[in-house]
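Subject: Structure handover

Hello,

Here is the structure I promised to pass on. Please open it first, then read my notes beside it.

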Amino acid sequence: MTSTAPSVSGLDLQRAAREHLWMHFTRMSSYASADVPIIVRGDGCYLEDSNGKRYLDALAGLFSVNIGYGYGEEVGQAALEQMRELPFYTTWSYAHPRAVELAAEVASLAPGDLNRVFFVSGGSEAVESAWKLARQYYQVREGHPGKAGIEPGTRVEPGRAGRRYKAIARRLAYHGTTMGALSLNGVPAIRQPFEPLVPEVRHVRNTNRYHRPPEETEEQFTALLLEELEHTIQAIGPETVCLVHMEPVQSTGGCLTPPAGYFQGVREICDRYDILLSADEVICAFGRLGYWFGSERYDIRPDLMTCAKGLSSSYASIGAVIATDRVFEPFLSSSSMFSHGITFGGHPVMCAIALKNIEIMKRERMIEGVREHEDAFRSTLEQLLDLPIVGDVRGAGFFYSVELVKDKETRETFSADECEWLLRGFLSRRLLECGLICRADDRGDPVIQLSPPLVARQGEFDEIVRILGDVLTEAWAELRRR
Ligand SMILES: Cc1ncc(COP(=O)(O)O)c(C=O)c1O
């Protein structure tokens, strides 16, 4: 652990947090009387709070600190050197060495001809940019080059160039919070407060198989999903759809892996209707699934990929959209351009950090490490299936969910009130007390999500299962008593 002082100014951090900090997705009322958990340092898979309490971070921050917390010195040195050389310059009409090097590095790691990298500051911006890129791609391809290339006063007819603007995503999938990314979200509770959203997104079934009829085969399930996707495209007009946006393994709903043949079918449908397929790799890329990109694991062959978190292991605020040569090609015509940009896209210090992160991941063989240890992670987690409250353990790589059920035989789930007590009233608090950070989530059926740093090994797997096992046993006993 590094020995950073909790506060540089002698400020009462707890009080200042309660009085001034607005935490994201947080019921701030919870902290009117309780302490705000203030994390002051980290190392490997472990964190320490301002009271000196240690936690095993089985979520890697937000599915994102892939190399763990122990590389601050080395990454900091890279950031310092970049600060000295060039603290900032823009990628609007200019390049600088770190953006060029990182783009080349990411392109070399990305599968197929995903060769063109557009940098942004995070996952939501990556998703937002992917949808905008898809919308403009068809316009540019059809000869409308983008604002700079259109003669002043020329009107781009919505019936022609602006025709393909709709997108398809999956129910319960989380894709971020900016208005475009939010509109792609399939999580009703976070969409509704901000409606009306960006037109026009349709949500299709996700790949949760746990609550499907037991006699349904994997092939039948795949066929059902693909049929629904194709019908949805036909119903809204294939000529109006520009994007199908899906995670390789869907996080929300509980690490939903694709059934056999699913992504091959999605690819075929996108090809049939000339729609761009975008893989949301914000969680799945940079080793989470044992590959540089989840698209490799499932042979998705997307036209676009969005990434962020693991690109820098969250040591920096950086994300990217990666496009194929085919998608980029129309933007090479003389007067066309992607009419989109943000000040911090490709920030040199963020790029230097991401480059160092990738160097560390390669040197420490972190991708190989996930593949070597994922079976051990799964089989350790499967010990939890002995508990009456655990219905399913599912996921891939170092990305797993444990689904909680009221009745294992019938797979009956908990009511909204029971979930409220179980997840927010009991599990979240009790797991933290016991020193385990993971996510208890009921945006779909109730699950515990686990996504440890890629440096986690058998010792951490055992600790996760020991603490989770004890706390879930307590929860079950409490539920019986209630
Ligand atoms: C799949 C996916 N897409 C997009 C996002 C949004 O990323 P960010 O929080 O960096 O904006 C997330 C965040 O968790 C995500 O999981």
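The chain holds 15 helices and 15 strands. Its radius of gyration is 23 Å, close to the 23 Å that the globule rule gives for 482 residues, so the chain is as compact as a globular protein of that length. Along the principal axes, the C-alpha atoms fill a box of roughly 70 × 60 × 45 Å. Buried residues account for 46% of the 482. Now take the contacts between residues at least 6 apart in sequence: 73% of them join residues at least 24 apart.

The average pLDDT of the chain is 94, and 95% of the residues score at least 70. Strand 8 (residues 276–280) has the highest confidence, at 99. Strand 14 (residues 439–441) has the lowest, at a mean of 93. Two stretches need care. In residues 1–5 the pLDDT is below 50, and this stretch has seven contacts beyond near neighbours in sequence. In residues 148–152 the pLDDT is also below 50. That stretch has eight such contacts in the model. Where pLDDT is low, the predicted coordinates should not be read in detail.

**Helix 3 and helix 12**

Start with this pair. Two packed helices are described by the angle between their axes and the distance between the axes. Helix 3 spans residues 72–85 and helix 12 spans residues 348–363. They pack at about 145 degrees, with their axes 9 Å apart. The crossing is right-handed.

Which residues of helix 3 and helix 12 meet? From helix 3 come Glu 74, Val 75, Ala 78, Ala 79, Gln 82 and Met 83. From helix 12 come Pro 348, Val 349, Ala 352, Ile 353, Lys 356, Asn 357 and Ile 360. By class, this contact has nine nonpolar, two polar and two charged residues.

Take a closer look at Val 75, which lies in helix 3. Is Val 75 buried or exposed? It has 22 C-beta neighbours inside 10 Å, so Val 75 counts as buried; the cut-off is 20 or more. Leaving out residues up to four places away in sequence, Val 75 touches Tyr 315, Ile 353, Lys 356 and Asn 357. Now try Arg 54. It is 21 residues from Val 75 along the chain, and their C-alpha atoms are separated by 23 Å.

**Helix 14 and helix 15**

This is the second pair to look at. Helix 14 and helix 15 (residues 458–481) pack at an angle of about 145 degrees, and their axes are 10 Å apart. Helix 14 passes helix 15 in a right-handed crossing. On the helix 14 side, the contact is made by Leu 422, Phe 426, Leu 427, Arg 430 and Leu 431. On the helix 15 side, Ile 467, Val 471, Glu 474, Ala 475, Glu 478 and Leu 479 take part. Eight residues of this contact are nonpolar, none are polar and three are charged.

Phe 414 sits in the loop between strand 12 (399–404) and helix 14 (416–433). Phe 414 is buried, because 20 other C-beta atoms lie within 10 Å. Apart from neighbours within four places in sequence, Phe 414 is in contact with Lys 406, Cys 419, Leu 422 and Pro 446. Leu 422 also belongs to the contact of helix 14 with helix 15. Gly 123 is 291 residues away from Phe 414 along the chain, and 31 Å separates their C-alpha atoms.

**Backbone details**

Most residues other than glycine have a negative phi, and most peptide bonds are trans. Here are some exceptions.

- Glu 195 and Pro 196 are joined by a cis peptide bond, with omega about 5 degrees. Pro 196 is in the loop between helix 7 (188–191) and strand 6 (201–204).
- The bond from Pro 199 to Glu 200 is cis too, with omega near 5 degrees. Glu 200 lies in the loop between helix 7 and strand 6.
- Asp 274 has a positive phi, near 55 degrees. It is found in the loop between helix 9 (262–272) and strand 8. With 13 C-beta neighbours inside 10 Å, Asp 274 counts as partly exposed.
- Arg 365 has a positive phi of about 50 degrees. Its place is the loop between helix 12 and helix 13 (366–381). Arg 365 is exposed, with 12 other C-beta atoms within 10 Å.

Best wishes

Key:
Residues numbered from 1 in each chain as written. Predicted model: local features only at pLDDT ≥ 70, side-chain atom pairs only at ≥ 80, totals over all residues. pLDDT = per-residue confidence, 0-100. Helix = DSSP H or I, 4+ residues; strand = E, 2+ residues; numbered from the N terminus. Contact = placed C-beta atoms within 7 Å. Rg over C-alpha atoms; globule rule 2.2 N^0.38 Å. Axes fitted to C-alpha atoms, helices over the stretch in contact; angles between N-to-C directions. Left-handed = near helix turned anticlockwise from the far one by under 90°. Nonpolar A, V, L, I, M, F, W, Y, C, P; charged D, E, K, R; others polar.
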